[in-house]
Amino acid sequence: MCGIAGIFHVESSKPVDPERVRRMTDSIAHRGPDGSGVWTAPGIGLGHRRLSIIDLGGGAQPMLTEDENLAVSFNGEIYNFLELRKELEASGYAFRTNSDTEVILHGWRQWGVGMVERLHGMFVFALYDVRSRQLLLARDRLGVKPLFHAAIADGSVIFGSELKALLAHPGLRREPNLFAVDDYLAYGYVPDHTSMVQGVEKLPAGHYWLLQQGKPAPAPVQYWDIDYSNRIKGSEAELQEELLRLMRQAVLSRMVADVPLGAFLSGGVDSSSVVALMAEASRVPVKTCSIGFDVGTLDESEYAERIAKRFLTEHHAQNVSADDYSLIDTLAYHFDEPFADASALPTYRVSELARQHVTVALSGDGADEALAGYRRHVFHHNEERLRGLLPQGIRGPLFGTLGALYPKAEWAPRTLRAKTTLLSLARSGAEGYAEAVGVTGPAQRDRLYSRKTKLALGGYRGESHMHRLMEEAPARSGLDRAQYADMKLWLPGDILTKVDRTSMAVGLEAREPLLDHRLLEFSATLPDAMRVRKGQGKWLMKRTMERYLPEDILYRPKMGFVTPISHWFRGALAETARGIASSSTLGRTGWFDGDAISKVAEDHIAGRSDNGRLLWQLLMLEKSVERLFG
C-alpha cells in the first residue's frame, strides 16, 4: 500500500527533472512512510512512497526488470499474485523478489494489456516500457485506489494517488471547476467523473489508459463492468453456499501480509461477518478495533464487544466524544476536494486506533452496495413496484399533487414522513433515487447560488449523471439500476474515498473483502427477492450468516457511523455556521448569495429547520477552496 506519482512527456522524450517527481511524492509521504524512490528515463519519471506490506526487504519501488526496460510504480495489493507468479514461472520468467509488484512487470511482457484483467485486487499502477515508449496507467475494478491525472501546457501528463501530488507540480493551473461544485452540493462528494480543479481528471474504476510517446492520447479503455442483466438459478440453500464460499475466498485472500493484520469491528452485520470468517481461518486470535461514542444513541460498542467475545478476538476499543470536530482541518488536508460525509471523522479515529496495533485492517465496506443493504434500496425496491402498477401519465399528477399537499414533518417518525415518498413516486425511478441519495436538492441549490453562478451553470444539474447511469445500466429491475448507480458513483466517490484517505492519512492499509469482484459478479445475478425481502436488505447474506452471528446482530436496525453535526451547529459551531455566510474564501468566488447562506445558518441555529448537513457541506467546501485556490 503506497502512493505513486509521475510525469510523462507525451510528445517527446525530453528529460524529466527527478526533483520535480520527488516533490510530488513527498506531498503524499503519509501514504508511504517506509520508503521512497524516483526513477527517470527520457520522457518519463516515476515516483513512489512505500508502506511495506509484502516482501518487506525486497519490494522497493519504482521496480525495474533486470534489463531495466520495464519500470513500475504500484499502489495496492494483488491478492492472486502467487497463482500468477506460478503461471509466469512456468512460462520461463525468473523472479528476483517475493513481491506482488514483480508480477505486474512480467505480466506485461506475457499478456500485454490483457494482464490487467488477470489481476485480482485493489490497485493503481504506472508501468513504463522503455522499448515501446508506452505508459500504462490502470485502476482496479471498483476504484478502491485513486488516480488523478492532468495534461499540462508543456505537453506532459502528470499523475498521482492524490490531488495534492498534482498540485505540487508548478505547471498545473489552479482554476476551480464550477460544475464540480454543483456535483458536490448534489452528492456530498466530488464524483469520479469530475474534479474541483479544472483540467484534472480521475482514471475511472475498471479502466486502463495506454499512452505512447509521439501519438495523440487515446481515451481510457474499460476492461470491467458489473452486469445486472442476468439471473442465477438455484435454491436458497444452494445460493447461500455459493455466497459463503465466495465470502470465505475473499476474506482468506486478503489475510496475506508480512505485517500485523486485523479488522475494523463496528458490531454491524458486515464487519462482524468479516471477523467471523477471519476467526474461522486464523490460527491466532484476530486483532479487532472499534470506536465507541459518549452518546448512547450513537454508540455500537456493546455489539462490537459481543462479537469480539464470541470469536475470542484480541479486541481494542476506544471511546471518543460525539463532539469530536477537532479533525476538520486534518480531513480537509487529506481529502483535498470537499468531502461532506461526516462519518469520515470516526473513520479517521478508528484507523488511528487500528494503526497502533496493526498495519493492515480488513473492513466490511461494500456489502451494502453489493447486496442491497441500505434502507434506500428497500424503499426504492418498494417504490418501483408501485411505479410498475401505474403509468407515468397518471402517477405523476396524482402523487405530485398529494406530495405537494402533504405537510413536511421532519419532527415525525420516519414512517409518517410521507411527503418525500409521494414526491418520489411522481418521478421516474432514476429521478426518485437520485433525490433519495442526494444531499442538497436542485431547488435549494438555486436559492443559494448567485445569479452569475446560475448563468454559468447554464441549467447543469449534478443529478443528471446518475439519471444516465440508471437509464443505461445493464439491468433488469429498478433495484438493479439503483445498485449499479451506487457501484459507479457512490462507492468510489464516497465510501472508498473516505476509507482510502482516512486510512492512508495514518499509514494504515485497509482491505475490503466484500468488494471482491467475483463476489460482486455473483451478487449482481441474484433475484431481487434474494437481496430485499420482508423489508430487509442483504436478505441472502443475513440468512447465510445465521450460522455464525446472533439474530439481534443480523436483524437490528442499521446504524453506521453517525455524527451529530446538526447539534454542533446549534452549539459549539454556531458561530462557525454564521461565519460561513461572511466567509471571505467563499465570498471571493462569487458563487453564492451571502444573504441566502446567512438565512440557512440562522434558521438552523434557531431550530426553525434542520440545515446541519448543508452547513457541513458549505464548511467543508470553504476549507477545500481555501486549500486548493488560496
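Trainee: In β9, which residue is the bridge partner of F148?

Mentor: This is a predicted model. Strand β8 covers residues 148-151 and is joined to β9 by four bridges, the two running antiparallel. In β9, F148 has as its bridge partner G160.

Trainee: Which residue stands opposite A5 in β9?

Mentor: Strand β1 (residues 2-9) also pairs with β9, in the antiparallel sense and over five bridges. Within β9, the residue opposite A5 is G160.

Trainee: Which residue in the turn between β8 and β9 has a positive phi?

Mentor: β8 and β9 form a hairpin, with four residues between them. A positive phi of about 90° belongs to a residue in that turn, G155.

Trainee: Why is β9 largely enclosed by the rest of the structure?

Mentor: S156, I158 and G160 point one way from the strand, while V157 and F159 point the other way, and all are buried. Buried here means under 20% relative accessible area. β9 is largely enclosed because the number of its five residues that are buried is five.

Trainee: How many charged residues are in the contact of α6 with α29?

Mentor: Helices α6 (residues 178-187) and α29 (residues 612-629) pack at about 145°, their axes 10 Å apart. V181, Y184 and L185 of α6 meet W616, Q617, L618, M620 and L621 of α29. By class, seven of these residues are nonpolar and one is polar, and the number charged is none.

Conventions. Residues are numbered from 1 along each chain as its sequence is written. This is a predicted model: local features need pLDDT of at least 70, side-chain atom pairs count only at pLDDT 80 or more; totals for chains, interfaces and linings use all residues. Side-chain values use heavy atoms; hydrogens and water are left out. Axes are lines fitted to C-alpha atoms, for helices over the stretch in contact, and angles run from 0 to 180 degrees between N-to-C directions. Contact means heavy atoms within 4.5 Å. Ala, Val, Leu, Ile, Met, Phe, Trp, Tyr, Cys and Pro count as nonpolar, Asp, Glu, Lys and Arg as charged, and the others, Gly among them, as polar. Buried means under 20% relative accessible area, exposed over 50%, partly exposed in between (1.4 Å probe, protein chains only). Two strands pair if DSSP finds at least two bridges between them.
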